[in-house]
Amino acid sequence: MLSKNELKDIQSLSQKKFRDELKLFIAEGPKTVSELVELIPEQIEKVYAVNEWIKTFGSKMEIKDIIEVSSAELDKLSQFHTPNQVIAVVRQSTPKRPGGSLFTLYLDTIQDPGNFGTIIRIADWFGIKNIVCSIGCVDLYNPKVVQSTMASISRVNVFYDEDGEWLKGQTVPVCAATLDGTVIYGHSKIKDGILIIGNESKGIRPEILRFANEKITIPKKGRAESLNAAVATGIILSHLLD
């Protein structure tokens, strides 16, 4: 049985200030937890799971601290309406400031956790190792972001450009996804460069857009006002990258 203090400590990780202070985050669900245990076992602090999960998966994993909890206790620990058998408390990775000439995504004030997490997963799909975030982007370790990444959070370096200086020092081509750019279809492939994706409703801010060498767009044929940021990212990357 969990102590009140342990329960309180885990629940506190739903708040960014405590995640930042403790350098921890929560991951939930069999698939996400299993992948994180496989990819970054040294960062797994504890795993809390129901008996069914422990019997099926626990013996296969090299984790020192697997704690059995009841469904009721898991429900109290979970950040979601429907708990999913297992929760892991994980140490945060130390972000690295991207350098060199590898293709990089730059996200300007992406605020929807589901969008952000899906973009990280898309970056992982396309082999993109770095994402840079402007001030105003949602926290990487928001539980909904972590859930949406489906463990891609462990394979993509996410760096927050707190001082707003990162773009200024870049010498590779910078493309900005806008509504009034050059049609992406037929665009030449890019090996080294930066793609800027803007806020879900307001697009890219002028102070960020000024760093772009080129504006690109996905042509609209129907009557939808805009595309989901993650969907747009996936479409553009499929045309820009080899």
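This is a predicted model: local features need pLDDT of at least 70, side-chain atom pairs count only at pLDDT 80 or more; totals for chains, interfaces and linings use all residues.
User: How much space lies in the largest cavity, and how many nonpolar, polar and charged residues does its lining have?

Analyst: The space in the largest cavity is about 60 Å³. Its lining includes Pro98, Leu102, Trp166, Val172 and Ile194, and also Gly99, Gly100, Ser101, Thr104, Asn130 and Gln170. By class, the lining has five nonpolar, six polar and no charged residues.

User: Which strands stand at the edges of the open sheet of four strands?

Analyst: The order in this sheet is S1-S4-S2-S3, and the pairing is mixed. A strand at an edge has a single partner, so one side of it is left without a neighbour in the sheet. The strands in that position are S1 (24–28) and S3 (66–68).

User: What is the average twist from one strand to the next in the sheet with the order S1-S4-S2-S3?

Analyst: This open sheet has four strands. From one strand to the next, the twist averages 20°.

User: In which sense do S1 and S4 pair, and which residue in S4 is the bridge partner of phenylalanine 25?

Analyst: S1 and S4 (residues 86–91) are joined over five bridges, in the antiparallel sense. The partner of phenylalanine 25 in S4 is valine 90.

User: Which residue in S4 is the bridge partner of tyrosine 48, and which residue in S3 stands opposite tyrosine 48?

Analyst: S2 pairs with S4 in the antiparallel sense over five bridges. S2 also pairs with S3, in the parallel sense and over three bridges. Tyrosine 48 has isoleucine 87 as its bridge partner in S4, and in S3 tyrosine 48 stands opposite isoleucine 67.

User: At about what angle to S2 does helix H1 run, and which residues in H1 are buried?

Analyst: H1 (residues 4–12) lies across S1, S2 (44–49), S3 and S4, and its angle to S2 is about 110°. The cover over the buried residues of H1 includes H2, S1, S2, S3, H5 (71–77) and S4. Buried means under 20% relative accessible area, and the buried residues in H1 are Glu6, Leu7, Ile10 and Ser12.

User: Which strands stand at the edges of the open sheet formed by six strands?

Analyst: The strands of this sheet follow the order S7-S6-S5-S9-S8-S10, with parallel pairing. The twist in this sheet averages 35° from one strand to the next. Each edge strand has a single partner, so one of its sides is left without a neighbour in the sheet, and these strands are S7 and S10 (214–217).

User: Which residue in S9 is the bridge partner of tyrosine 106, and which helix lies across S5, S8, S9 and S10?

Analyst: S5 (residues 104–107) and S9 run parallel and are joined by four bridges. Within S9, isoleucine 196 is the bridge partner of tyrosine 106. Running at about 160° to S9, the helix across these strands is H9 (residues 229–240).

User: Is serine 134 buried or exposed?

Analyst: Serine 134 is in the loop between S6 (130–133) and H7. Leaving aside neighbours within four places in sequence, serine 134 is in contact with Tyr106, Leu107, Asp108, Thr109, Tyr160 and Arg205. Its relative accessible area is 1%, and the cut-off is under 20%, so serine 134 is buried.

User: What is the relative accessible area of alanine 151?

Analyst: Alanine 151 lies in the loop between H7 (143–149) and S7 (157–160). Its phi is near 80°, a positive value in a residue other than glycine. Alanine 151 is buried, and its relative accessible area is 0%.

User: How far are the C-alpha atoms of aspartate 192 and alanine 177 separated?

Analyst: Aspartate 192 is in the loop between S8 (174–183) and S9 (194–197) and is partly exposed, with a relative accessible area of 29%. Leaving aside neighbours within four places in sequence, its contacts are Ser101, Leu102, Phe103, Val172 and Pro173. Aspartate 192 and alanine 177 are 15 residues apart along the chain, and their C-alpha atoms are separated by 17 Å.

Terms used: Residues are numbered from 1 along each chain as its sequence is written. Side-chain values use heavy atoms; hydrogens and water are left out. On a 1 Å grid over the protein atoms alone, a cavity is a set of points where a 1.4 Å probe fits but cannot get out, and a pocket is an open set with protein on both sides within 12 Å along at least five of seven lines; lining residues have an atom within 4 Å of a point. Grid points are joined across faces, edges and corners, and a volume is the space filled by probe spheres set on the points. Ala, Val, Leu, Ile, Met, Phe, Trp, Tyr, Cys and Pro count as nonpolar, Asp, Glu, Lys and Arg as charged, and the others, Gly among them, as polar. Two strands pair if DSSP finds at least two bridges between them. Helices (H or I, at least four residues) and strands (E, at least two) are DSSP runs, numbered from the N terminus. Axes are lines fitted to C-alpha atoms, for helices over the stretch in contact, and angles run from 0 to 180 degrees between N-to-C directions. Contact means heavy atoms within 4.5 Å. Buried means under 20% relative accessible area, exposed over 50%, partly exposed in between (1.4 Å probe, protein chains only).
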